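Please look over the structure first, then read on.

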Amino acid sequence: MIAYAPYLILLLPLLAAVSIRLFLYPFPRISVSVSTLACLGSFMGSMALLFWGSSLGQGIVPALPWIEWGGFRANFGILGDPLARGMAALVSGVAFLVHLYSIGYLEKDPCRSRFFAELSLFVFSMLGIVLADNLISMFIFWELVGLSSYLLIGFWVERPAAGAAANKAFLVNRIGDFGFILGILGAWALFGSVTFADLPGRAAASSPGWAVTAVGLGLFCGCLGKSAQFPLHVWLPDSMEGPTPVSSLLHAATMVVAGVYMLVRVLPILEMSQATMMTIAWIGGWMTLLPALLACQQNDIKRILAYSTLSEIAYMVMAVGLGVAGPAMYHLTTHAFFKCLLFLAAGSVIHGCHDEQDIWKMGGLGKRMPFTAFVTILGTLALCGIPPLSGFWSKDAIFAATAHHPGLAAVSMGAGFFTSFFMLRMILVAFGGEPKNDAARHAHEGSIFLTAPMALLAVLTLVGGLLPVESYLHFQHPEAHETWTLWISLLVALAGFVPAYFLYRQATKDPISIPVLREKFYVDEIYQRVFVSPQDAFARLTDAFEGWVVRGFLVRGSGVVARASGQGLRLVQCGQVQIYAAVFILGVFLLLGWLWRQG
Amino acid sequence: MNIALALPLLLAVPLVAVGAIALGASPRKTALWASWINLIPGFLVSGVVLRRGEIFYGPEGTNLREVFPVQFRLGLDGLSLPLLWLTLLVTVAAIGVARADVKRAMEYHICLLLVGLGALGAFLSLDLFYFFSFHEVALIPSFLLIGIWGQGDRTGAAWRMTLYLVLGSLLLLIALIGLVWAAPETARTLDWRVLTETLRAQPIPASQQTYLAALLIAGFGTLVSLVPFHSWAPGGYASAPAPAAMLHAGVLKKFGIYGLLRLALPLTPLGWRELSWIVGLMLAGNILYLGLASLAQRDFRWLLGFSSAMHMGTIFLGLISGTVLGLGGALVLMVGHGLSAALGFAVAGEVGQRAGTTWMKDLGGLATRTPKLWFYLMIAGMASIGLPGLANFAGEIMIFFGAWSAHPFLVGIAAWGVVLSSVAMLRAIRSIATGPVSSALDSKKGSDLNGFQEVWPFALLTALLFLMGLVPNLVLGPARPVLERLIQP
């Protein structure tokens, strides 16, 4: 019985998406319920799988065949190991809470049928990534997740900025996927299999070192795109144009960490090459620090959180690069709780202030929205790694892994300082002081649909450290002899609160102005100048060449052809192509007749 | 009753419809009925092919010397089966989106039926003469459709297309004669089945194979718009009325690839291998050069024209992969591309009807104003950029895996082509569909697809795209033995 739970988990959201799209479009209330119930069903299935699915190993669940052809097998198999089961429970659980939240958040939107159909599509594809037992089916769901992200970012179709952000997200991800698919092809060529269960055995067999490194880096490209790491990080801050529940579920808690999950799955390949591992660790290391710096100068509440997401994912990537998958997955789990909570709280603020996202136009919300303020502070403490909240335990595990890499320890702990700084800045400016405008003055808490999911996530944020993660992550809490990382990281994080408190306690405008941080290191501008504009110029040049040289000169240019063209035109215009046809067919017959005589 | 009679019936039904329309029957109704009815013999012959692997109609093959060489012989096997269905169904959809109030409706529908008829005949013929001539039968009405019912620079486009395709056909004709000629004198025949057997037993000398393969690649390549023989395609499709573009880009273009699979691959394997690097260069040209050019397009029809020609490069990669996997991928992608291109041109036609323009800068707000049309625009776009679940992805992934060991660099180029076409298509979707409702869409009677009457051709193509994407074995299963025989040494 339990063997079919994975199919149930996957099919419920898919059915919901399809049935809403086909039949329930005009009935938003029914669509909302169908989608939410489907997600609840998935969650319950995942929990059942988590508790009773331990008998499910590799291959017990029959795979759905798709293509089996000429030595190539691409089938949809289900992976039932503890990691997949835990991740499925996490994804569907958080997704269910966000469904509930969305009911309240999009109460008045006439297009909520579409929203919930797309949300169900996302849940389906994300669970597909989690449960996939090979790289090809993972890639398939990977692309579908990209599609649902694109659709949900661009949900408000009439807003030009949303369309631009959606396109950017999809295209940057496609660039990452370009590397990913080449990596998959390479892995297939090297190891003869892309099934996760086969990888540890096959990867150990000797292969040329450069090839293994190339394959590892190719696979890492997929993570760069989906998990928004440098140099493909540019889409994530822009993706905040989507509705806030989407930012919370896709662009903080689940989708963006798919890259980390994938890296953990292919770790046997990555581990074969020290160069790959070090590249991953150092990209992760620097990406903890740089977005944290940028967040210090952002004014949009969602963008601040988006940069913090970049930084937190980088901790996980760095951990994978250091070869410790357990802490990476642990931080992924706790991060899903507290970051989802922070985003839902931000959504509650935005909802309360009538779509205001600039923290400098809020103020005084602490008194008007005490519950939201409380959960924001809770989430912040977890994010900054303050004990005993969940984030402390997982971050501590990652810091412990950096004990023998002083460089990485320095950048990642330094990032903690800035994280505390910008989070306290955000809280003080948005929730403290006096209201800056009428919207903030009349802000109030939202309905039960908004507050209940936040309350549940707050509980998880609080007790996340007690989760029995060791059993399903194969992971030990750090040992005592590495406690120096604990104390230093904690001190650095606490130190970050101090300057933020004094600078922003009563600020009405930002006392610091660092343009290079506000403008995100000009990366967007650089990409525009270096890649986009030249490519467009080159495309126009190609088009001009095609139009004037190939179509114009070569075809029309020569005199003979021009005369023939006159004839051709006349024939077409008289509608007498029949004559031409007759002549042509006659020619064919003559040729054949000649052929026959010769024969 | 002999079930093989269903084969000529497939050709007779549209022919009778053409006659009936010419005699004054209601053009749209007759054409639509005929194309639906034609599915019945289609089912009959498919049943036989699925059970026995092939089906034939006509006299047995005979020597070229003894009787008049041209004989009407039809046949169907697992390779032509998907193409038969592609033709039948795209014809149904194309006639479904054709307007009843078009000028000179009688001639218009006759032309459409003839294009479908020609394509069917070409895919069914066993005799090289009919194989070639049926394609011509399809080409001529497509020139007319563009020249008379087209838009934009329609005469220029029609004539450029005529010039290119006729020259291409000429090269092809020479190549076909050369192939027949290459067989030993006593065994010359126009039946390509028999010819294949003969030339398998006594292969053509390597040097001749190279020449013949070159001619075949140039000839068929022109029909498939392989760079540098491509420049008829984008403009031709941009100017064609939607049903004509659907039929030509969706179905007729596949004739060239079909021909290469049928003739060039098994008959000139050495030449094919010799020239595979040139084909590689050419297909890289399709992907990169046309891909870049498609980025610069500002008219949606032109963009579809370029992107349709561009994807031929990936199909060619499957052809030169030298593996059954790659060939299977090419076949799936042929079908997928046929469906997605047809859907794309159908959507462009409706957009043009409703907004009076397909100039992307003047469009916008399709998603708000006409959500159904937007949905089908998304399906066509997502299929063409290779989104999993839809047919094109299944073909592309098979081609990538099939060609990886022989041509990793070309696979890299083709994978980059996916990125390029995503850029072009997503930009187009954004400027057509999102943002505020454009004045063009607002001022005209910009209503959505109206009721079942207008929706069904789109729904049909969409359902087929999903079906092929989810169950590619429908195409691959019957084709497998045929494809395996093709690359047998």
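How far does helix H3 of chain B reach from its first C-alpha to its last?

## Helix H3 of chain B

Helix H3(B), residues 39–52, reaches 20 Å with its 14 residues. That is close to the 20 Å expected at 1.5 Å a residue, where the expected span is 1.5 Å times one less than the number of residues. Helices (H or I, at least four residues) and strands (E, at least two) are DSSP runs, numbered from the N terminus.

Part of H3(B) is buried, including Leu39(B), Pro41(B), Val45(B) and Val49(B). Buried means under 20% relative accessible area, exposed over 50%, and partly exposed in between (1.4 Å probe, protein chains only). The buried residues pack against helices H1, H2 and H4 and strands E1 and E2 of chain B. Just after H3(B), Gly53(B) takes a positive phi of about 95 degrees.

## How to read the model

This is a predicted model: local features need pLDDT of at least 70, side-chain atom pairs count only at pLDDT 80 or more, and totals for chains, interfaces and linings use all residues. Residues are numbered from 1 along each chain as its sequence is written, chains are lettered from A and ligands numbered from 1 in the order in which they are written, and side-chain values use heavy atoms, leaving out hydrogens and water.

## The nonpolar core

The largest nonpolar core holds 403 residues. Such a core is a set of buried Ala, Val, Leu, Ile, Met, Phe, Trp, Tyr and Cys residues joined through side-chain atoms within 4.5 Å. Met87(A), Tyr150(A), Leu84(B) and Met382(B) touch the most other members. Helix H16 (residues 324–355) of chain B gives the most to this core, with 19 residues.

## Cysteines

The count of disulfides over all chains is 0. A disulfide here is a pair of cysteine sulfur atoms within 2.5 Å. Cys384(A) is buried, at 6% relative accessibility. Its sulfur lies 11 Å from the closest cysteine sulfur, in Cys296(A), so a bond is out of reach.

Most residues other than glycine have a negative phi, and most peptide bonds are trans. The bond from Phe230(A) to Pro231(A) is cis, with omega near 5 degrees. Val227(B) to Pro228(B) is also cis.

His354(A) has a positive phi of about 55 degrees. His354(A) is exposed, at 61%.

Key
Contact = heavy atoms within 4.5 Å.
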